[in-house]
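The following exercises concern the structure shown below. Each task is followed by a solution in steps.

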Amino acid sequence: MLAEVKFEGVHKIFGTETAVEDLNLSVEAGEFMVLVGPSGCGKTTTLRMLAGLERPSYGRILIGDRLVNNVPPRFRDVAMVFQSYALYPHMNVHDNLAFGMRAHGAASLLVEQRVKETADVLGLGNLLKRRPSELSGGQRQRVALGRALIRQPQVFLMDEPLSNLDAGLRVQMRAELSRLHERFRVTTMYVTHDQVEAMTMGDRIAVMNSGRLQQVDVPETLYDNPVNLFVAGFIGSPRMNFIKGVLTTRDGKAAVRFMGATVPLSSSSKLIGDTADGDVTVGVRPEDMMWRKAAGPDSSLTFSAEVDVVEPMGHEAYVTVLCAGETVTSRFPPRSGVRTRERVDLALNPARLHLFDARTGESILQRPVAGSAEALKSAREAWIEESSAGRDLRPQAPVVPTQSEEV
Ligand SMILES: Nc1ncnc2c1ncn2[C@@H]1O[C@H](COP(=O)(O)OP(=O)(O)OP(=O)(O)O)[C@@H](O)[C@H]1O
Ligand SMILES: [Mg+2]
C-alpha cells in the first residue's frame, strides 16, 4: 500500500538548539525523496521524527491521512535503515532477515516465503547460511536492506545507508536501490550529504541547511533554477562560480555589469517584479563558461583570462582562471594543452546566468516552471493561514526513549 508523507510546520528543538525549523514537506505516495544538506542541518532528526524515535516540538506529521505524532514507532509501518546498520552477529543471513517478522509473530510459512523472495531480490539466495562475519561489506549492507524490505512497510527511511561502502560498491548499490524502488514503489525518504547521490537517485530532492528547508524540486530544476546561493553552491560539482556584479536598468532594459563587461539580460531571464538596481552576485556554472575554442555558437560573450590551475579529470579538465579580478572555474575538454599562466578566451552563454541579491542571497530571477519557489512559497503561506485558523501547534511532551531503535 502506498502512503503519502507530510510534515506540517514541524519544529524540533533540543534545549536551546533548533535542529529543524518549520518544516513543510510532502512526499508523494511511491516517491523517492532525497533529503540532502551539510552535516548537522537536521536530516537525521527529520527521519527520526517520521520514524517516531523523536517527537516534534511543534507541528504535525502525517502518514497517509493518519496523524502519527502520538503513534509509537512499531505502529507506524515504517522501516528505517541506518548508516551504522546492525546485524545480529550470531545469526546467519536467513535468521537476520526473518528476525523482525518472527518477533511480530508472523506465521512461519509466510516468513519462509518472504525470506526467499527478499533474498532473491537482493541476490542473497546462496548466502542464507552465512553469518555476517563471513560476508563482504556490500553483502552485509544488502542484508540490512533486506531486513527493512522484508517487512513491506508503507514508508522506507534510509539514513546514509551507503556511506560505509567504498566508491565502487556505492555506485553499484545506488543502482540497486533505484531498481528496488522501481519495482516496489515504496514511499522513501533517503538521507545523504552527497549531492551526486541525491541527483542520481531522487525523484525529487529536498535541500536543507541549518534546520531549514531551502528548496524541493526535481533534480534538473534544482540545478537549473536554484532559489538561493546556498542551493546554487551546494548542488553541482565543481561548484557554481559566484562573481560580484551590479544590476542596472536603463530604458526598462536590465543589464548586469561584472568582470568588466555589461551583459544585457537574455530574453529567457526575467527579473522578479520589484527587483531594484544594485549589487548582485552573478552565478555561472563551470560548464557555462567554456573555452572559446570549444564553445558552441550560442555562447556569445568572450572574456580574456589567465590560466591559474589545470586539474585534469580524465574525460575533462577543470581549469581555474583569473579574469578581471575574479577567480573562476571552467570546464575544459581533455587534452586541451592549456598551461598555467597562459592566456585563454572564455565564452559565456548569457542565457545561463544566475542572479542573486548580494545582501539576501535569494535568486532575483523568475522561475520558469511550476513546482518552483513561488509555488512553494504560496503553498507555505496558504498553509500558515490555514494552520493559524485553529490547529494545535503547542509544544508536546518530550518523547519517551524507545527500548530499541529498531522500528
Ligand atoms: N538528541 C539530541 N540532543 C541535542 N541536540 C541534538 C540531538 N540530536 C541532534 N541534535 C542537534 O541537532 C542538529 C541536527 O542534527 P542531525 O543529526 O539531524 O543532523 P544531520 O543533518 O543528520 O547531520 P549529519 O550529516 O552529520 O548526520 C545538530 O546540530 C545536532 O547537534
Ligand atoms: Mg545524520
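The protein comprises 9 helices and 20 strands, where helices (H or I, at least four residues) and strands (E, at least two) are DSSP runs numbered from the N terminus. Residues are numbered from 1 along each chain as its sequence is written, while chains are lettered from A and ligands numbered from 1 in the order in which they are written. This is a predicted model, in which local features need pLDDT of at least 70 and side-chain atom pairs count only at pLDDT 80 or more, whereas totals for chains, interfaces and linings use all residues.

**Exercise 1.** Determine where confidence is lowest and where it is highest in the protein.

*Solution.* Begin with the average: the protein has a mean pLDDT (the predictor's confidence in each residue, from 0 to 100) of 86, and 89% of the residues score at least 70. Next, compare elements: strand β1 (residues 5–14) has the highest confidence, at 98, and helix α9 (residues 373–388) the lowest, at a mean of 41. Finally, examine residues 369–407, where the pLDDT is below 50; this stretch has 39 contacts in the model beyond near neighbours in sequence. Two residues are in contact if their C-beta atoms, placed from the backbone, lie within 7 Å. Where pLDDT is low, the predicted coordinates should not be read in detail.

**Exercise 2.** Identify the residues that surround ligand 1 and sort them by class.

*Solution.* First, collect the residues whose C-beta atom, placed from the backbone, lies within 6 Å of the ligand. Around ligand 1 these are Phe 14, Glu 17, Ala 19, Gly 37, Ser 39, Gly 40, Cys 41, Gly 42, Lys 43, Thr 44, Thr 45 and His 193. Second, assign them to elements: β2 (17–27) and α1 (43–51) each give two or more residues, and α1 supplies the largest share, 3 residues. Third, sort by class: the shell has 3 nonpolar, 7 polar and 2 charged residues. Here Ala, Val, Leu, Ile, Met, Phe, Trp, Tyr, Cys and Pro count as nonpolar, Asp, Glu, Lys and Arg as charged, and the others, Gly among them, as polar.

**Exercise 3.** Is Arg 367 buried, exposed or partly exposed?

*Solution.* Locate the residue: Arg 367 lies in the loop between β20 (354–357) and α9. Then apply the cut-offs: 20 or more other C-beta atoms within 10 Å make a residue buried, 12 or fewer exposed, and a count in between partly exposed, with C-beta atoms placed from the backbone. Arg 367 is partly exposed because it has 19 C-beta neighbours inside 10 Å. By comparison, buried residues make up 36% of the 407 residues in the protein.
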